[in-house]
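The sequence and the structure are shown first.

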Amino acid sequence: MRDLRPGLGARVLALAALFAAETLIVTVLFELPGAPAGAGWLTRALSDADWWIAQALICFAAVFATFAYLRYRCELAAVSRQALGEPVRWTFAITHVAAMTAFGVLTTLVYGQKLPVGWLDLAETGWLISAGGAIVCAALAVLPWRLWTALVRATGWLWAYSAGAALAAVSAESAFQALWRPASSLTLSLVALFVRPFAADVIVQPAAHRIATPRFGVIVSGQCSGLEGIGLLLVFGAIWLVLFRDELRLPRALLLIPAGMAVLYLLNAMRIAALLLIGSAGAREIAKGGFHSQAGWLAFNTVLFGLVLTAQRLPWISTRPARRPPLAETADQTSAFLVPFLCVLAAGMISRAATGTFEWLYGLRLIAAIGALWTYRRSLRKLDWHADWLAPLAGAAVFAVWVALDRAKGATPMPPALAGAPALLRDGWLAARLLSAVITVPLVEELAFRGYIMRRLISPDFAAVDFQTRTWYSLAASSVAFGLMHGSRWIAGTIAGFIYGWLAGRRGRLGDAVVAHAATNTLLAIYILAFSQWRFW
């Protein structure tokens with residue numbers, strides 16, 4: 001692979017991976033039930049605010065990274081060029097290890113109640129210093145101080161906006177919950193308005209936050225009020241308006257925020273109404289299960305996408321000059337690589353929302369994938385789909401890793417809903433699941449992660465990037481993204497992504513990665529069905 005010297009993206013990614021791994025190790029090794037008896041004010045304060053601090057840091061990192069990429073790509077590219085060739089500072093790396101060791105020892109002493117009360121204040125101070133020192137040393141190990149300051153200068157006041165947004169987001173939760181009581185009457189009235197055309201005898205009990213029909217009822221708590229989603233929309237929209245103010249017509253663009261909040265509030269009332277109608281129709285498991293958990297995210301993502309699209313495309317709000325490029329320019333090369341994957345994701349959200357404890361509509365994913373792949377078949381034919389003998393062997397190796405990293409022991413029986421279903425229905429579901437796992441899933445995921453993301457991290461003109469020119473950064477970043485998509489199996493997913501990416505670049509053929517991926521899923525399907533290991537599905 002070319003360009004072995006890491007740029008800014010690879011260094012920040014390595015730092016984030018280090019912090020994530022160390023956080024995982026700390027949470028596994030140390031159980032922190034709370035401040036020990038006799039603890040000083042510092043330990044008590046950190047113990048009470050640890051989850052709040054973690055949420056704020058994660059929110060800050062997410063907001064800063066998102067808007068730095070959207071708004072300051074050119075400036076970050078200049079910093080990345082400066083980072084090339086900068087060596088890792090091993091002195092700081094060793095100091096980081098020493099600080100983390102001290103942090104672990106002091107954590108055991110402070111929270112293990114192994115120190116006399118008189119020593120707790122001193123140990124708490126050392127505990128905090130070691131934690132802060134470990135963070136600073138790790139940051140300086142991957143990037144020198146002058147480049148961190150260059151990064152801050154390149155992104156302007158984004159750090160302040162991100163910090164403010166993070167603090168507002170995590171602090172506003174209780175405030176939004178407090179707003180739920182006065183807003184609940186309006187929500188229940190809207191739900192009743194939406195339900196009455198379809199159901200008679202709607203029962204509204206504002207004091208209990210309950211709305212019901214004679215057959216089914218729901219209690220709408222503050223967590224399901226939609227106000228948290230409105231808060232997130234407010235934070236995202238405010239930062240968007242500040243960073244892209246030179247492309248927006250102010251104050252007209254300010255109308256997008258209350259409009260988005262109102263639409264999201266109405267959609268949440270419609271969600272509750274739909275949940276009530278679904279439960280009243282007899283599908284109580286669907287109402288309480290998949291629909292309840294998925295519909296809110298569908299609504300939030302829809303409104304957020306609409307907000308951004310309106311801000312960019314509506315001339316009354318956007319200052320971007322309207323242009324009508326020729327057809328050849330408007331043909332989006334990314335669609336053939338991303339749309340199949342996005343269609344499968346959307347179908348999965350719909351199928352989970354429309355089912356209860358078991359996803360009976362899994363076949364929607366198969367249909368969505370086939371439809372999208374067929375739509376872009378002419379563009380996809382241009383790719384090299386050949387593969388050699390090494391691809392299935394690599395797929396078998398990934399399968400071995402996947403099973404070896406599984407912590408659960410023993411058999412996991414077939415889900416009771418599927419086991420008790422009629423044979424025709426059960427066989428149909430299994431056929432759709434197998435066809436997806438062996439054919440469509442490898443195709444759509446490799447198109448998205450190896451075909452698009454791995455090459456897009458090298459150049460915006462990703463279609464012109466040969467698979468053999470992948471970099472360590474593009475391979476690692478796309479592999480981590482692939483791993484995170486697999487949730488709790490993210491380590492195995494990251495290793496799999498790395499192997500598939502290496503295969504694609506070995507001879508410059510996406511077909512090698514697809515065949516390896518298909519081999520992994522085929523062996524996994526055989527293992528699941530033959531040895532009753534249904535937890536993998």
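## Aromatic and charged contacts

Both Phe-449 and Phe-482 are buried, where buried denotes under 20% relative accessible area, exposed over 50% and partly exposed in between (1.4 Å probe, protein chains only). The model is predicted: local features need pLDDT of at least 70 and side-chain atom pairs pLDDT 80 or more, whereas totals for chains, interfaces and linings use all residues. Residues are numbered from 1 along each chain as its sequence is written, and side-chain values use heavy atoms, with hydrogens and water left out.

The whole structure contains 12 aromatic pairs. Rings of Phe, Tyr and Trp (its six-membered ring) pair if their centres lie within 6.5 Å; planes under 30 degrees apart are stacked, over 60 edge-to-face and the rest tilted. Phe-341 and Phe-449 make an edge-to-face pair, at 5.4 Å between centres and 80° between planes. Phe-341 belongs to helix H12 (residues 335–353) and Phe-449 to helix H17 (residues 423–456), so this pair ties together parts 108 residues apart in sequence. Helices (H or I, at least four residues) are DSSP runs, numbered from the N terminus. Phe-341 is buried at 13% relative accessibility, and Phe-449 at 5%. The rings of Phe-449 and Phe-482 are also edge-to-face, with centres 5.2 Å apart and planes at 75°. Because Phe-482 lies in helix H18 (residues 472–484) and Phe-449 in H17, the pair joins parts 33 residues apart in sequence. Ring pairs link Phe-341, Phe-449, Phe-482 and Tyr-500 into a cluster.

Arg-450 lies over the face of Phe-482, 4.4 Å from the ring centre; the criterion is NZ of Lys or CZ of Arg within 6 Å of the ring centre and within 35 degrees of the ring normal. Arg-450 also takes part in a salt bridge with Glu-446. These two residues lie in helix H17, four residues apart, about one turn of the helix.

A salt bridge requires a side-chain nitrogen of Lys or Arg within 4 Å of a carboxyl oxygen of Asp or Glu. The count comes to eight salt bridges, including the following.

| Salt bridge | N to O distance |
|---|---|
| Arg-509 and Asp-388 | 3.5 Å |
| Arg-450 and Glu-446 | 2.7 Å |
| Asp-512 and Arg-509 | 3.0 Å |

Asp-512 is buried, with a relative accessible area of 0%. Salt bridges with shared partners join Asp-388, Arg-506, Arg-507, Arg-509 and Asp-512 into one network.
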